[in-house]
Amino acid sequence: MIGTRNNLWMSHVYTPLAAGIITAIYYHAFENVRSKKLVLAGFALLLMVSIFDAFGLEGLEKNNTFARLASNSFIIVLAISYFYKIANDMKTVYLDRDPLFLLSCTILIYYAGTSMASALFNQALEVSHDAARICLSVVFILNILFNAGQGFVLKRMAA
């Protein structure tokens, strides 16, 4: 219906949706009103970047590398901000029992790794399909590790 020849347009929807869910988690983790406003402002900026990327910069026919890199950078900043918050907050004694700390650790690994693969995907696809498959393999392996980490986080939340 939208006239595209592939399903890469779905990544333009998925990227802000996934960032929105993670932003909501971190929004509720911060108690400071200023921090909450910064989180919301960062997400609003990310939405504008995603819309500009989808309809102006790369278009719907290509993988959204620019918006994905912006999203991954924003999420990594949120995770590092949570590490800073927890370093200055002495309420948490055992970090291995804090589900959001474990989530932040898995986020750093997953989003840092997929940023590299996403940045190279369109250029690798122009070179050969095998080069693009290598980028996707990195994403798939990190996705498996991220989901396994999420299972560990859910287990810690139940405990």
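A salt bridge here means a side-chain nitrogen of Lys or Arg within 4 Å of a carboxyl oxygen of Asp or Glu. Keep in mind that this is a predicted model. With that cut-off, the structure holds three salt bridges. The notes below go through them, then turn to the second largest pocket, which has Lys85 in its lining.

**The Lys85 pairings**

- Lys85 and Glu31 pair up through their side chains in a salt bridge, at 3.9 Å from N to O.
- Buried or exposed, what is Lys85? Lys85 is buried, because its relative accessible area of 16% falls under the 20% limit.
- Glu31 is another story: its relative accessibility is 56%, so Glu31 counts as exposed, the threshold being over 50%.
- Lys85 also has a salt bridge with Asp89, again side chain to side chain, with an N to O distance of 3.9 Å.
- In this second pairing, both Asp89 and Lys85 are buried.

**The pair in α5**

- Asp130 and Arg133 form a salt bridge too, and their closest N and O atoms are 2.6 Å apart.
- Where do these two sit relative to each other? They are both in helix α5 (residues 129-158), and because they are three residues apart, about one helical turn separates them.
- Arg133 has 48% relative accessibility, so it counts as partly exposed.
- As for shared partners, salt bridges join Glu31, Lys85 and Asp89 into one network.

**The second largest pocket**

- How much space lies in the second largest pocket? The figure is about 240 Å³.
- Lys85 turns up again here, as one of the lining residues, which also include Phe30, Arg34, Phe74 and Tyr84.
- Among the other residues on the lining are Ser35, Leu38, Val39, Gly42, Val77, Leu78 and Ser81.
- Helices α2 and α3 each contribute at least two residues to that lining.
- Which helix gives the most? That would be α3, with six residues.
- Sorted by class, the lining comes out as seven nonpolar, three polar and two charged residues.

Terms used:
Residues numbered from 1 in each chain as written. Predicted model: local features only at pLDDT ≥ 70, side-chain atom pairs only at ≥ 80, totals over all residues. Heavy atoms only, no water. Buried < 20%, exposed > 50% of the residue type's maximum accessible area, 1.4 Å probe, protein only. Helix = DSSP H or I, 4+ residues; strand = E, 2+ residues; numbered from the N terminus. 1 Å grid on protein atoms, 1.4 Å probe; cavity = no way out; pocket = protein on both sides within 12 Å on 5 of 7 lines; lining within 4 Å. Points joined across faces, edges and corners; volume = space filled by probe spheres on them. Nonpolar A, V, L, I, M, F, W, Y, C, P; charged D, E, K, R; others polar.
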